[in-house]
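Please look over the sequence and the model below. The report that follows walks through how the parts pack.

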Amino acid sequence: MNSKFPLLDKFKTEFRFLLVGSWNTLFGYSIFVFSLFIFDEMLLIGSYSYLLAITCSHILGIINSFFFHKYFTFGSNEVGLEAFKEFFRFFNSYLITFILNLILIYIFVELFLFDPVYAGALSIFICVIFTFFLLSKYSFKVKESRELNE
């Protein structure tokens, strides 16, 4: 492909992943901070409100992320049962990331005494690497025919 941006062409999927990931990170982190405020300040749930907040943000983030990654990042055209299988693989990938996120945020807050807001931000960066690997190799397996058509 003759382009003014050969590096961008070579890493098109990775670039799109970063764009969607950036959006989803902003979206999910905003939900996390908002939920933390609601659970901590308004509902007075207690010292583990950050775990409930990260759960809410993760669920909404999964739904947001699935559609953006499916259509924009990986250009999947799966429909019907195949789309459901794709979502199931995607959900499983995010479940693994969610468990990792829970463990990390718990360690940062309870052992290292980080503020939950900063602990949530720090755990994001660690989880991104795992997420890309899981999505590209498992959830949205890029088919040869799809790669050749781009």
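## Contacts and cores

Start with Phe 32: apart from neighbours within four places in sequence, Phe 32 is in contact with Tyr 50, Ala 53, Ile 54, Ser 57, Ile 105, Pro 116, Val 117 and Gly 120. Contact means heavy atoms within 4.5 Å. This is a predicted model: local features need pLDDT of at least 70, side-chain atom pairs count only at pLDDT 80 or more, and totals for chains, interfaces and linings use all residues. Residues are numbered from 1 along each chain as its sequence is written, and side-chain values use heavy atoms, without hydrogens and water.

Phe 32 also belongs to the largest nonpolar core, which has 13 residues. Phe 32 and Ile 105 have the most contacts inside this core. A nonpolar core is a set of buried Ala, Val, Leu, Ile, Met, Phe, Trp, Tyr and Cys residues joined through side-chain atoms within 4.5 Å. Buried means under 20% relative accessible area, exposed over 50%, and partly exposed in between (1.4 Å probe, protein chains only).

Helices are DSSP runs (H or I, at least four residues), numbered from the N terminus. Helix 4 gives the largest share, 5 residues. Another core, of 8 residues, lies apart; Ile 62, Phe 66, Phe 74 and Tyr 94 are among them.

## Helix pairs

Axes are lines fitted to C-alpha atoms, for helices over the stretch in contact, and angles run from 0 to 180 degrees between N-to-C directions. In the classes below, Ala, Val, Leu, Ile, Met, Phe, Trp, Tyr, Cys and Pro count as nonpolar, Asp, Glu, Lys and Arg as charged, and the others, Gly among them, as polar.

| Pair | Axes | Angle | Residues in contact, by class |
|---|---|---|---|
| Helix 4 and helix 5 | within 8 Å | roughly 150 degrees | 17 nonpolar, 8 polar, 2 charged residues |
| Helix 2 and helix 5 | 11 Å apart | about 145 degrees | 12 nonpolar, 3 polar, 1 charged residues |

Helix 4 and helix 5 cross at roughly 150 degrees. That makes helix 4 roughly antiparallel to helix 5 (over 145 degrees).

## Two single residues

Leu 113 lies in the loop between helix 4 and helix 5. Leu 113 is exposed, with a relative accessible area of 70%. Its phi is positive, about 60 degrees, although Leu 113 is not a glycine. Most residues other than glycine have a negative phi.

Leaving out residues up to four places away in sequence, His 58 touches Tyr 94, Thr 97, Phe 98 and Asn 101.

Note on methods. Parallel < 35°, antiparallel > 145°, perpendicular 65-115°, else oblique.
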